[in-house]
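Hi everyone, thanks for coming. Please have a look at the sequence and the model on the screen, and then I'll walk you through a few features.

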Amino acid sequence: MHTRVEDQASSLRMRLAAHRAIAVPATPMVCADFLLFRGVRVELPPATLVWHWRPSAASATGWDLQGRLHVVGAPTRFTPDELQRWRVLFPEWRLVGRRLELLQAADVAYLWLKSGAELTPRLEILLKWLCRNRPDMPIILAGIGSGAASRIQNWIERRYPLRSLTPAQALSRDALSSEGFYHLMRWTTNSDSAAAHSRS
């Protein structure tokens with residue numbers, strides 16, 4: 001009998017030790033892939049969460065062959081528990097779309113461009129919005145060649161108080177905030193509370 005009690009206590013201590021050893025997953029880096037033009041081809045890394053920001057769409061999720069989880073819908077269509085599960089799986093989240101809301105929830109913004117006469121007016125409107133609403137968020141120019149991106153980056157830095165990064169610099173998380181995940185959590189939590197209130 002005495003041996004059995006010791007075995008049970010030992011087993012409990014082992015389970016508690018294993019529970020304490022589980023590391024809390026790091027906060028994912030949330031990147032906004034803002035499409036300045038329709039039809040721009042966005043290239044995203046494998047094994048990431050790809051969130052297609054479509055507020056009017058029904059919520060949906062699905063995997064592709066490169067280990068990416070595709071999420072469709074606005075944050076209000078998902079629960080905090082779902083976001084916590086995805087946090088464990090993916091250190092990088094990509095919010096893809098053409099709505100300004102996704103820029104409000106991101107740690108860094110990829111601005112997907114294409115060359116042409118219409119580039120400058122559209123880009124200036126967006127840059128002015130970023131100066132007013134997200135002046136501290138770094139931006140990365142994507143979708144064009146490195147030479148063109150460098151010229152536009154220099155043009156931006158001369159005219160706007162915004163910080164531009166290259167894709168290589170964005171790989172260093174030390175230079176980036178990690179608040180985007182918590183912005184998304186607040187949206188889902190507020191939506192969850194509103195839904196519960198409406199049912200009561």
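Let me start with a term: a residue is buried under 20% relative accessible area, exposed over 50%, and partly exposed in between, using a 1.4 Å probe and protein chains only. By that rule R99, at 37% relative accessibility, is partly exposed. What you see is a predicted model, where local features need pLDDT of at least 70, side-chain atom pairs count only at pLDDT 80 or more, and totals for chains, interfaces and linings use all residues. Residues are numbered from 1 along each chain as its sequence is written, and side-chain values use heavy atoms, with hydrogens and water left out.

Now, the charged pairs. Side chains of opposite charge can pair when their charged atoms come close. We call it a salt bridge when a side-chain nitrogen of Lys or Arg is within 4 Å of a carboxyl oxygen of Asp or Glu. How many salt bridges does a search of the whole structure find? The search gives four.

One of them joins D33 to R94, with the closest N and O atoms 2.8 Å apart. This pair links distant parts of the chain, since D33 is in strand β1 (residues 29-35) and R94 is in strand β5, 61 residues away. Strands here are DSSP runs of E with at least two residues, helices are runs of H or I with at least four, and both are numbered from the N terminus. Are D33 and R94 buried or exposed? Both are buried. They also belong to a salt-bridge network with E92.

Back to R99: its side chain meets that of E101 in a salt bridge, 3.1 Å from N to O. E101 is partly exposed too, at 30% relative accessibility. Another bridge brings R68 and D64 together at 2.8 Å, N to O. Here R68 is buried, with a relative accessible area of 14%, while D64 is partly exposed at 24%.

Finally, the surface. W63, V88 and L89 make up a nonpolar patch with about 360 Å² of accessible area together. Patches take residues with over 30% relative accessible area and no salt bridge, joining like charges within 9 Å and nonpolar side chains (Val, Leu, Ile, Met, Phe, Trp, Tyr) within 5 Å. The accessible areas come from the Shrake-Rupley method with a 1.4 Å probe, and for residues only the protein chains shown count as cover.
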